[in-house]
Amino acid sequence: MSNTRVLPLLEPEGSDAVAPCCPPLTERPLTANEAEKTARMFKALGDPVRLRLFSLVASHEGGEACVCDISDVGVSQPTVSHHLKKLKDAGLLTSERRGTWVYYRVEPSVLAAMGKLLTTAPTPA
């Protein structure tokens, strides 16, 4: 007899929620709020360590990575945690604690929104 049960996955709420940011830059001018959010994302990715961590999470098998698998980026563990927090604060990563480890995920909607933001409108032939 087992007391284990499968718990449903919940969508993140509040500050952990990841939502697409903005329309393509060529579609219309950004609002002040959209520009702030977009600048936070690009500022977070403007640091080479953060960009590397973001890439490690995004390219990790299964779309998520344990902090134990991505901490070898040439800086100390506290510095890795600091950079991961900056990426979370910018809305680029979500995280989930499982026991003693934290798993990070790049939501597909974030990657799609970032790609869409920088796409240009097709030029007329």
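This is a predicted model: local features need pLDDT of at least 70, side-chain atom pairs count only at pLDDT 80 or more; totals for chains, interfaces and linings use all residues.
Residues are numbered from 1 along each chain as its sequence is written, and local features need pLDDT of at least 70.

We begin with helix α1 (32–45), where helices are DSSP runs of H or I with at least four residues, numbered from the N terminus. It has 14 residues and reaches 20 Å from its first C-alpha to its last, close to the 20 Å expected at 1.5 Å a residue, the expected span being 1.5 Å times one less than the number of residues. Glu 34, Thr 38, Met 41, Ala 44 and Leu 45 are the buried residues of α1, where buried means under 20% relative accessible area and exposed over 50%, with partly exposed in between (1.4 Å probe, protein chains only). Seen down the axis, these buried residues fall within an arc of 125°, so they line one face of α1; the arc is taken from the directions from the helix axis to the C-beta atoms. On the other side of α1, Ala 32, Glu 36 and Lys 43 are exposed.

Helix α4 (residues 77–89) can be read in a similar way. Val 80, His 83, Leu 84 and Leu 87 are buried in α4, and they cover an arc of only 100° around the axis, which puts them on the same side of the helix. The face turned away from that buried side carries the exposed residues Pro 78 and Lys 85. The buried residues of α4 pack against α1, α2 (48–59), α3 (67–70) and β3 (101–105), with contact meaning heavy atoms within 4.5 Å. Just after α4, Gly 91 takes a positive phi of about 85°.

Conventions. Side-chain values use heavy atoms; hydrogens and water are left out. Helices (H or I, at least four residues) and strands (E, at least two) are DSSP runs, numbered from the N terminus.
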